[in-house]
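Open the model in your viewer and have a selection tool ready. The stops below go from the whole chain to single residues.

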Amino acid sequence: MPEIPDIEVFAYNLKQKLAGKKLVKVEVVNGKKLKDTPEEISSALEGKTLKDIYRSGKEFPFVFSDETVLGMHLMLTGDIMALSRL
């Protein structure tokens, strides 16, 4: 599990790289721990512009232009995959 200082740096780097970008497609690879279905998440986020990412505890709220928030926790592995042009 990543520690708080690592998560703070990770959130900063994600924000620098992704803020202002439009989310074109969402693919849920492992949805076992999701409250919503992969289809609900895709339809809620696709086409939205990412406004902000920050650290809240050990989670990352991804805030989109319409104030939709995707909460993400790195769990034990600390893996996030972005597959496309950034």
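This is a predicted model: local features need pLDDT of at least 70, side-chain atom pairs count only at pLDDT 80 or more; totals for chains, interfaces and linings use all residues.

Residues are numbered from 1 along each chain as its sequence is written, and side-chain values use heavy atoms, with hydrogens and water left out.

**Whole chain.** Colour by secondary structure: there are two helices and three strands, in the order α-α-β-β-β along the sequence. Helices (H or I, at least four residues) and strands (E, at least two) are DSSP runs, numbered from the N terminus. Of the 86 residues, 21% count as buried; buried means under 20% relative accessible area, exposed over 50%, and partly exposed in between, with a 1.4 Å probe and protein chains only. The chain exposes about 6,400 Å², and carbon and sulfur atoms supply 54% of that area (Shrake-Rupley method, 1.4 Å probe; for residues, only the protein chains shown count as cover).

**Helix α1.** Select residues 4-18. Now show the side chains of Ile-7, Ala-11, Leu-14 and Leu-18, the buried residues of α1. They cover an arc of only 65° around the axis, so they lie on the same side of α1; the arc is that of the directions from the helix axis to the C-beta atoms. These buried residues pack against β1 and β2, where contact means heavy atoms within 4.5 Å. Turn to the face away from the buried side to find the exposed residues Pro-5, Tyr-12 and Gln-16. Just after α1, Gly-20 has a positive phi of about 90°.

**Strands β1 and β2.** Select residues 50-53 for β1 and residues 59-64 for β2. The two run antiparallel, joined by three bridges; strands pair if DSSP finds at least two bridges between them. Ile-53 stands opposite Phe-62 in β2. Five residues lie between the strands of this hairpin, where Gly-57 takes a positive phi near 65°.

**Strands β2 and β3.** Which residues make up strand β3? Select residues 69-73: β3 pairs with β2 in the antiparallel sense over five bridges. Glu-59 has His-73 in β3 as its bridge partner. This hairpin has four residues between its strands, and Glu-67 in the turn has a positive phi of about 75°. Finally, hide everything but β2: five of its six residues are buried, so β2 is largely enclosed by the rest of the structure.

How values were computed
The expected span of a helix is 1.5 Å times one less than its number of residues.
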